[in-house]
Amino acid sequence: MDAVQSPIVPIIGEWIRQTPGTISLGQGVVHYGPPPAAVDIAREALANPDTHTYQDGAGSRALIGAIEDKLRRDNGIEVARGSCVTVTAGANMGYFHAVLAVTEPGDDVILPVPFYFNHEMAIQMAGCTAIPVKTDERYQLDVDAIRRAITSRTRAIVTVSPNNPTGAVYSEESLRQVSRECAERGIYHICDEVYEYFIYGSARHVSPAAFAGAERHTISLYSLSKAYGFAGWRIGYMVYPEALADAVMKVQDTVLVCPPVISQIAAVAAMEVGPAYCRHHVHALAEIRDIVFAELRSLEPLCTVPRVDGAFYCFLRVNADADPMTVAERLIREHRVAVVPGSAFGSTDGCYFRVAYGALEKDTVAEGIGRLVAGLRRIFS
Ligand SMILES: Cc1ncc(COP(=O)(O)O)c(C=O)c1O
């Protein structure tokens, strides 16, 4: 554990607590809660004694059925074609299950940089090595660099699209190339799709498990945390090749026994409401995103911010020499605005910050971004 970085969000959280009035552009959360129908049904379920007992390890029949329908409709994934679904306590757990299921200690897992920090942490906890591979200047995959990083120790390539921390939506062609490479080299493609519905403009989300033949080497991770304002209920799910079923269920049984029953009941109701719930919020986020990009653009040439099409993040590069952790602390203490330093996401070749705008509503966004812009100008003047 000494080799694993400490979670960054609690560190930032502590600085925020010490600086009342700080606007957080730090944590990757949405500002809305679950559909009311999900909360109502959970309340009713409290009276049922079965809610309080262990249930099926892989998840309830009702929830898995709802997930299978959704996968067919929204992702083009036909589970009957040789895949399994397991409900987990969030997509982070699904990812950890995946890493434990496909690796042995000493193996390598390829992570495009910047990466989602928990992905690197899980690889290290499994006794494996995360192999960082650069992305291009718009944070798109560099498939040639990924190819060059594959060795006999490589067990998987991870892609996160739409991406945390950059907001980039990877092109279908690049995901197809990664998928083909995995098939040819006999390794797994772990696809984190927790932001699948957070797409703007003409961009399109693509699920690599839907590519012909890809179900044999693809592990797809999904979550209700963002789409349905469900983060505290801890419901995610993974879709993976049948050949991994024993391995995944060993981990699931050891770590979780069964997914939280009350949360699964609420999740079925949320999925019945469907992605229209989230699309309505994404529509509002699109306006916020326009404000964020317009304001941050005013920082050029001090900062570079590629416009991206997904999630609710942007990844800002400061074109100056500075320690991002120190700057992040000063932004909070002196300018009362919080962002996450890029070093937490493996971007150590410069001074980067992730700006998260999912928790903001229109009235707070202008103030928060205004403080960030003013703070960066001041610190780098
Ligand atoms: C890329 C990515 N994967 C997984 C998660 C965690 O999702 P969950 O709450 O379902 O564990 C997050 C949360 O920020 C994320 O950004």
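1. Start with R234. An N or O atom in the side chain of R234 lies 2.8 Å from an oxygen atom of the ligand. The protein buries 93% of the 400 Å² that the ligand exposes when taken alone (Shrake-Rupley areas, 1.4 Å probe).

2. This is a predicted model: local features need pLDDT of at least 70, side-chain atom pairs count only at pLDDT 80 or more, and totals for chains, interfaces and linings use all residues. Residues are numbered from 1 along each chain as its sequence is written, and side-chain values use heavy atoms, with hydrogens and water left out.

3. For N164, an N or O side-chain atom is 2.7 Å from an oxygen atom of the ligand. For K226, the distance is 2.8 Å.

4. Which residues are closest to the ligand? They are A91, D192, Y195, S223 and S225, among 13 residues that surround the ligand (a heavy atom within 4 Å).

5. Now strand 13, residues 351-356 (strands are DSSP runs of E, at least two residues, numbered from the N terminus). Six of its six residues are buried (under 20% relative accessible area, 1.4 Å probe, protein chains only). C351, F353 and V355 point one way. Y352, R354 and A356 point the other way.

6. What pairs with strand 13? Strand 10, residues 313-318, runs antiparallel to strand 13 and is joined by six bridges (pairing needs at least two DSSP bridges). V318 has C351 as its bridge partner.

7. Strand 12, residues 340-341, also pairs with strand 13 in the antiparallel sense, over two bridges. Here P341 is partnered with F353.

How values were computed. Buried means under 20% relative accessible area, exposed over 50%, partly exposed in between (1.4 Å probe, protein chains only). Helices (H or I, at least four residues) and strands (E, at least two) are DSSP runs, numbered from the N terminus. A polar contact is a pair of N or O atoms within 3.5 Å; within protein, one must be able to donate a hydrogen and the other to accept it, and residues adjacent in sequence count only if both atoms are side-chain atoms.
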